[in-house]
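Work through these exercises with the sequence and the 3D view side by side. Try each task before you read its solution.

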Amino acid sequence: VAMDHTTRHVVGAMATRAAALLASASHRVHPRRTAPPASTATPSAAARRYVHPAARRASTDEIVTRAIGFNLGSDRDEDTSRGDQEALALIEDAASVLFLQDPLRHECAQAYLALLQQISLKAGPNKLFVAYGEFFRSLRRSGKAAFADVVLDEIIAGRGNPVAEAVAAGAGPADVAPVDLAAVAADLELLQRICVSEATILKWCERLAAAASPSRTQPASWVAAASALGTR
């Protein structure tokens with residue numbers, strides 16, 4: 001992304017605080033959420049879900065950290081993962097963003113969230129692969145190799161980011177309200193969690209289609225094309 005002097009100043013100032021705030025989050029395993037005992041109220045969707053995808057990413061040895069603490073490391077899929085539950089967790093993460101909503105308004109992000117919605121609902125192959133196709137085409141139109149690259153570029157642009165706006169106006173990081181710094185740091189972590197690899201998304205789609213009635217297995221040529229999405 002081409003950055004003018006002001007943008008470079010903004011990103012540099014953000015990096016000083018955000019990288020420190022996110023360093024531990026990028027390497028921390030999020031605690032497993034467990035359902036309450038059977039004698040209590042019916043467990044919620046949040047309580048029933050499997051370990052968040054970010055927990056698996058945080059455990060890898062190939063973590064790559066960008067200046068703002070954004071982890072674009074490998075995302076190892078696990079055969080035991082529940083795509084529908086994890087997709088629901090990602091949708092809830094997106095709904096929890098406080099300031100940095102602009103990255104999620106991007107055409108590609110909207111298609112990504114729509115696909116996660118179909119996965120969370122265990123949609124049939126028809127709806128599932130229509131949503132996947134929309135995501136595939138939107139990512140290719142973006143010119144980026146992976147969805148995480150789209151989100152990262154939107155973060156760097158700084159739209160809707162009060163910390164970036166304050167620094168661009170001449171304020172130093174110490175002049176920014178602590179609540180704004182905390183909110184932006186939380187948003188960066190949420191956006192990082194949302195960016196599951198394209199390989200994992202594809203695996204979830206294939207599993208749901210195989211478990212559907214009637215089941216659906218995509219042609220090998222389609223799988224080969226879809227498997228190439230997200231590769232750098």
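The expected span of a helix is 1.5 Å times one less than its number of residues. Keep that rule at hand for Exercise 1. Note also that the model is predicted.

**Exercise 1. Check the span of helix α4, residues 83-95.**

Solution. 
- Step 1. Helix α4 has 13 residues.
- Step 2. At 1.5 Å a residue, α4 should span 18 Å.
- Step 3. Compare with the model: the end C-alpha atoms of α4 are 18 Å apart, which agrees.

**Exercise 2. Decide how far α4 is enclosed by the rest of the structure.**

Solution. 
- Step 1. Take the cut-off: buried means under 20% relative accessible area.
- Step 2. List the residues of α4 that pass. They are Gly83, Asp84, Gln85, Glu86, Ala87, Ala89, Leu90, Ile91, Asp93 and Ala94.
- Step 3. Ten of the 13 residues are buried, so α4 is largely enclosed by the rest of the structure.

**Exercise 3. Classify the ring pair of Tyr112 and Phe135, then the pair of Phe135 and Phe147.**

Solution. 
- Step 1. Recall the cut-offs: ring centres must lie within 6.5 Å, and planes under 30 degrees apart count as stacked, over 60 as edge-to-face and the rest as tilted. The structure holds seven such aromatic pairs.
- Step 2. For Tyr112 and Phe135, the ring centres are 5.5 Å apart and the planes stand at 55 degrees, so this pair is tilted.
- Step 3. Tyr112 is in helix α6 (residues 107-120) and Phe135 is in helix α7 (residues 125-142).
- Step 4. Check burial. Tyr112 is buried, with a relative accessible area of 1%. Phe135 is buried too, at 1%.
- Step 5. For Phe135 and Phe147, the centres are 6.2 Å apart and the planes stand at 75 degrees, so this pair is edge-to-face.
- Step 6. Phe147 lies in helix α8 (residues 147-157), twelve residues from Phe135. Phe147 is buried, with a relative accessible area of 1%.
- Step 7. Widen the view: ring pairs link Tyr112, Phe129, Tyr132, Phe135, Phe136, Phe147 and Trp222 into a cluster.

**Exercise 4. Describe the surroundings of Glu198.**

Solution. 
- Step 1. Locate Glu198: helix α11 (residues 198-211) contains it.
- Step 2. Glu198 has a relative accessible area of 8%, so it counts as buried.
- Step 3. The Glu198 side chain reaches the backbone nitrogen of Phe147 at 2.6 Å.
- Step 4. Skip neighbours within four places in sequence; Glu198 then contacts Phe135, Leu139, Ala146, Phe147, Leu229 and Gly230.

**Exercise 5. Summarise the whole chain.**

Solution. 
- Step 1. Count elements: twelve helices and zero strands.
- Step 2. Of the 232 residues, 48% are buried.
- Step 3. Take contacts with a separation of 6 or more: residues 24 or more positions apart account for 76% of them.
- Step 4. The chain exposes about 11,300 Å², and carbon and sulfur atoms supply 55% of that area.

Definitions and conventions. Residues are numbered from 1 along each chain as its sequence is written. This is a predicted model: local features need pLDDT of at least 70, side-chain atom pairs count only at pLDDT 80 or more; totals for chains, interfaces and linings use all residues. Side-chain values use heavy atoms; hydrogens and water are left out. Helices (H or I, at least four residues) and strands (E, at least two) are DSSP runs, numbered from the N terminus. Buried means under 20% relative accessible area, exposed over 50%, partly exposed in between (1.4 Å probe, protein chains only). Rings of Phe, Tyr and Trp (its six-membered ring) pair if their centres lie within 6.5 Å; planes under 30 degrees apart count as stacked, over 60 as edge-to-face and the rest as tilted. A polar contact is a pair of N or O atoms within 3.5 Å; within protein, one must be able to donate a hydrogen and the other to accept it, and residues adjacent in sequence count only if both atoms are side-chain atoms. Contact means heavy atoms within 4.5 Å. Accessible areas come from the Shrake-Rupley method with a 1.4 Å probe; for residues, only the protein chains shown count as cover.
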